[in-house]
Every structure is written in C-alpha cells, then in structure tokens.
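Thank you for making time for this today.

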Amino acid sequence: YTLLSLPQHGEITLNALPLGIGDHFTQADILVGSLEYTHNGNTASSDNFLFDAVDASSGAWAHSATFDIIILQNDLDVTADLTENLVCHNDSTAQITVAVAGGTAPFFYSLNGGTAQASNVFDGLPAGMYTVEVSDFYGFTATSNSLVVNNPAAIVVNAEVTNDDIAVQVIGAAAPLEYSLDGMVFQPENL
C-alpha cells in the first residue's frame, strides 16, 4: 500500500512512527496491528485516506482507493454513590455502587487503580477516599467522582454503680441502643 493522502482528523502510524504521503505499509502490518489510526479528539465522526494498492502475487493494482474510518467518541459518564456506610469504628462494611451512562458494554470497573472487575459494586470497604475508573468494550475510560468513606467515632462506654443499679453512659453511638449485662438479654434502658 502507498499512502496518497492523509486523514484530516487524525494520524496514521506504523510501529508508532507517523506516516506521510508516499509512505508504504503492507497487509501484514495491518494484520498484526502495526498500522494504527489515532483520532485528534475533535468532534468528527468519520475520516478517510486515499491509497494505492498492488497485489504482490498477481500484480493487480488499485489506484486511489479510499479507506473510510468510523470514529467512535468517548461518551462514558460515570457516577459513584456510597450505598452502604460504615456501621462501626474501623469496620469494613462500606459499599460503593457505580452507574454508567453511554459507552459500549461490557464495562469493567477499577477501584483506586486496582484490578478491574465486571461488577459495578464494591463492598467490604474500610474508611478512605475512593474513585472508580470504568472502561468499555472499545477501551474508552472515564473516572467517577471521588467518594469519602468516613470512619465513625469509637464508642466510649462509662458505667457508674449506685446502690444496686448500674447506669451506663455511651458516647459516640447513634440511637437506638440496647444494653445487656450477659450479652444475651437486651433492654432499651441504660439503667
């Protein structure tokens, strides 16, 4: 193949080197992926270039043939939501669920740059800051908003004995609370 014109909305490279008018490439270059088109990022949805082709075995020649390129735009939109917060201090019970709009399935989800997974739900998470990168069938990617999973304060329990009564004061916990002396029978009152 001999390049007769260049695409208007991108660049053709052979083994990562830009090609120009008059440069050559082979069918083998195409088959092994050495010939690549890189879009320049504008809003164009198509591009093309002209080439001459000669069949080495038969000598057949195609002059000024057009190679049409369909440009796919990255329209992925990703939103991450904290769907389960931490229950206790230093726990690992948080859950993040990711919603994707646009793109082409299947999608893969990577939490904080970790190994990608097919599920859009990440659970068993400790306190920390999280972002999710999503990739689609065509290799397009988008990154979610950042989420912060806060670590709840540790519960502090104070007990005071007066006569035969034990009064319990709890700091750092959210109501409703239940109290027990033996871990089996619980009551809502702290006395």
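Let us begin with Asp29, which has a relative accessible area of 17% and counts as buried because that value is under the 20% cut-off. Please keep in mind throughout that what you see is a predicted model. Asp29 lies in helix H1, which covers residues 27-31, and its side chain reaches the backbone nitrogen of Thr26 at 2.8 Å. If we leave aside the neighbours within four places in sequence, Asp29 is in contact with Leu14, Ser34 and Leu35.

Now let us step back to the chain. How many helices and strands are there in the protein chain? There is one helix, and there are 16 strands. The radius of gyration is 31 Å, whereas the globule rule gives 16 Å for 191 residues, so the protein chain is more spread out than a compact globule. The C-alpha trace tells us about the extent along the principal axes, where the span is about 110 × 30 × 25 Å. As for burial, 22% of the 191 residues count as buried, and the protein chain exposes about 12300 Å², with carbon and sulfur atoms supplying 54% of that area. If we take the contacts between residues at least 6 apart in sequence, 45% of them join residues at least 24 apart.

With that picture in mind, let me turn to Ile69, whose place is in strand E6, residues 61-70. Is Ile69 buried or exposed? At 10% relative accessibility, Ile69 counts as buried. Beyond the residues up to four places away in sequence, Ile69 touches Tyr37, Ser45, Ser46, Asp47, Asn48 and Phe49. One of these, Asp47, is 22 residues from Ile69 in sequence, and yet the two are 5.0 Å apart in space, C-alpha to C-alpha.

On the surface, there is a nonpolar patch formed by Ile70, Leu72, Phe137 and Tyr138, and together these residues have about 470 Å² of accessible area. Tyr138 is placed in the loop between strand E12, residues 132-135, and strand E13, residues 141-143, and at 45% relative accessibility this tyrosine counts as partly exposed.

Next comes Ser110, which sits in strand E9, residues 108-111, and which is buried, with a relative accessible area of 10%. What does the side chain of Ser110 reach? It reaches the backbone oxygen of Gly114, at 2.6 Å. Setting aside residues up to four places away in sequence, Ser110 touches Thr115, Ala116, Phe122, Thr131, Val132 and Glu133.

Asn112, in the loop between E9 and strand E10, is not a glycine, although its phi is positive at about 50°, and Asn112 is partly exposed, with a relative accessible area of 43%. Asn15 also has a positive phi, of about 55°, although it is not a glycine. Asn15 is found in the loop between strand E2, residues 10-14, and strand E3, residues 17-18, and at 53% relative accessibility it counts as exposed.

Let me finish with Asp123, whose place is in strand E10. Why does Asp123 count as exposed? The reason is its relative accessibility of 53%, because exposed means over 50%. Not counting residues up to four places away in sequence, Asp123 touches Ala94 and Gln95.

How values were computed: Residues are numbered from 1 along each chain as its sequence is written. This is a predicted model: local features need pLDDT of at least 70, side-chain atom pairs count only at pLDDT 80 or more; totals for chains, interfaces and linings use all residues. Side-chain values use heavy atoms; hydrogens and water are left out. Helices (H or I, at least four residues) and strands (E, at least two) are DSSP runs, numbered from the N terminus. Buried means under 20% relative accessible area, exposed over 50%, partly exposed in between (1.4 Å probe, protein chains only). A polar contact is a pair of N or O atoms within 3.5 Å; within protein, one must be able to donate a hydrogen and the other to accept it, and residues adjacent in sequence count only if both atoms are side-chain atoms. Contact means heavy atoms within 4.5 Å. Patches are made of residues with over 30% relative accessible area and no salt bridge: like charges are joined within 9 Å, nonpolar side chains (Val, Leu, Ile, Met, Phe, Trp, Tyr) within 5 Å. Accessible areas come from the Shrake-Rupley method with a 1.4 Å probe; for residues, only the protein chains shown count as cover. A salt bridge is a side-chain nitrogen of Lys or Arg within 4 Å of a carboxyl oxygen of Asp or Glu. The radius of gyration is taken over C-alpha atoms; the globule rule is 2.2 Å times the number of residues to the power 0.38.
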